[in-house]
Amino acid sequence: KGLSHVCLERLSYVPVLPDCLRGRHELEEGDARECVGGHEVICSLFPRLSNAHGGHSPLKMVNLHPAAAPGPDSEGGEQRPLRLGVVLSGGQAPGGHNVIIGLHDYLQRWHPGSTLVGFLAGPRGVMQNNYKILQAEELDGYRNQGGFHMIGSGRDAIAKPEQLAAAEKTCLAHDLDGMIVIGGDDSNTNAAIMAEHFLKQDLKTNVIGVPKTIDGDLKNTDVNISFGFDTACKVYSEMIGNIMIDAMSAKKYYHFIRLMGRAASHVTLECALQTHPQLALICEEVAAHRWGLKDVTRQIADMIAQRAELGKNFGVVLIPEGLVEFMHDVSTLIAELNEMLAKGINPADQSDVIAHLTPESADLFSNLTPGIRSELLEERDPHGNVQVSHIQTEKLLIKLVGLELARRKASGTYRGKFAALAHFFGYEGRCSLPSNFDATYCNALGQAAGALVASGRTGLMATVSNLQQPANKWTVGGTPLLSMMHLERRSGRDKPVIKKALVEMGGAPMASYTSMRAIWAIQDWCRSPGPIQFRGPSADMASITLALETNEGQ
Ligand code: FBP
């Protein structure tokens, strides 16, 4: 129904399964882990997950390996049918359907007769018991397809007592052995809260998380990358590459392109490495140098002035969508606004808002465009985050850079022409057909989640590692959700949440960019990656970031 030729062809793509998942397998405990920060406090808030439960050690990662013979804890031993729930949580990311299909295929193979309950429209579906039973015939139509539309997704949190009680009721109603939460950092924080609650209530439902987000900020020593990042970056890079060639051809525009990715700049950095723009702003660098809005404006204007000297009045600037939260003056303003909104100040009354700000923030706020002012005052998402995808930083920067260049022109230090166009690439990358990498990775993650829940584990995130190797050599396991947590200020309170992985200033991807950016600023070394390939020599190439990070670790 409505499937294009390419989509139809993708239905028959068969992702390679890691060797360790091909035959009988079992789990063994690996290294112990500590929380990223606030270990004592977090353990006291999660007393069951942080202590031995169900015969399993607390905060230990687990690894899956082939089993010599069928045994009680090995697949192929006891093949009891299971009843599992699955929910997609948060923003779309290419490959989500394959996680569910991998989970389903695992159950069919190792626990025939199992039931897979798909909760509709995200965590709300869990709380309202809105679901459909997922059967092979339906799932087959979503193999290797983009989108989350098979069951939908949503941004609701399951964290408050009444929300947890509603989720518990649903799990009891379906007699669920496990619940798989496919989500980003906040959704997996909620998965840990649910796992703790279910242990407390003596519920048999084990909770396993799966790392999803195009932002690429859900990663750590055990989780190499979140699924969806690879595909989304490839889609954006294709479009950026096309725009760069257009800019080079027309020679009359600067294109300011804002890219999704929330706080972290992984997407922007990967796209910069893929396409070689004249400038890519990196949030983490902005924070490290304590740059403010004026510093960022000056930097862009410097690059434009330098190119004007060479007779070039065109180029591409990449802007991470989280930039506003990292410029020190804007981030202080946002923090003040957050506290203020948490206290119930009416955002519609901007003069009252200004009256409650410190003089520096009040000055900055008053000088922002009316559009940006309202965007900064928008309601936070259910997890307490500013909705950075709604803030049109690219337009603000075009305006400020234009003013700065006009000032330079008046003083005789700039002689170029400045015409700029604004773009935002975000939603168009989140539901693309998954790349071979994401299709294969997601299938393995779904199978890994099945193996974890089948062996009675809870409070873990499914992991598939060794990703720089061919897929059959990938390793599979699970890592404690608590080990990824630290304490963070949200909605005016310190909360235990999974820590976002930001771009590391000393990391290989950043080093690769900084070694080239001065050249890319003045030369036109545009690299146009073209569309995602599903066949041929470049089809199985994963992101440059992953390659650089995993090689660095060797
Ligand atoms: P997740 O963190 O839930 O994966 O969402 C990622 C994201 O695409 C961000 O990059 C973006 O800021 C946000 O979702 C947009 O949210 P929405 O879809 O609610 O507009």
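Here is a walk through the model, one selection at a time.

**Before you click**

What you have loaded is a predicted model, in which local features need pLDDT of at least 70, side-chain atom pairs count only at pLDDT 80 or more, and totals for chains, interfaces and linings use all residues. Residue numbers start from 1 along each chain as its sequence is written. Colour by pLDDT, the predictor's confidence in each residue on a scale from 0 to 100: the protein chain has a mean of 93, and 97% of its residues reach 70 or more. For the complex, the predictor reports an ipTM of 0.98 and a pTM of 0.93.

**Stop 1: the ligand**

Select the ligand and its shell of 15 residues; G90, G91, G184, T213 and S389 come nearest. A residue is near here if its C-beta atom, placed from the backbone, lies within 6 Å. The shell splits into four nonpolar, six polar and five charged residues. In this scheme Ala, Val, Leu, Ile, Met, Phe, Trp, Tyr, Cys and Pro are nonpolar, Asp, Glu, Lys and Arg are charged, and the others, Gly among them, are polar.

**Stop 2: an open sheet**

Now show the four strands ordered β10-β11-β9-β12, an open sheet with parallel pairing. Strands are DSSP E runs of at least two residues, helices are H or I runs of at least four, and both are numbered from the N terminus; two strands pair if DSSP finds at least two bridges between them. At the edges sit β10 (279-280) and β12 (420-425), each with a single partner strand, so one side of each lacks a neighbour in the sheet. Select β9 (residues 254-259): six bridges pair this strand with β12, and L259 has F425 as its bridge partner.

**Stop 3: a hairpin**

Jump to β15 (residues 485-490) and β16 (residues 493-498), antiparallel strands joined by six bridges. H486 faces V497, while R489 stands opposite D494. Two residues lie between the strands, and S491 takes a positive phi near 45°.

**Stop 4: crossing helices**

Finish with α12 (residues 328-342) and α14 (residues 359-367), whose axes are 9 Å apart at an angle of about 105°. Axes are lines fitted to C-alpha atoms over the stretch in contact, with angles from 0 to 180 degrees between N-to-C directions. The two helices are therefore roughly perpendicular (65 to 115 degrees).

Key: Angles under 35 degrees count as roughly parallel, over 145 as roughly antiparallel, 65 to 115 as roughly perpendicular and the rest as oblique.
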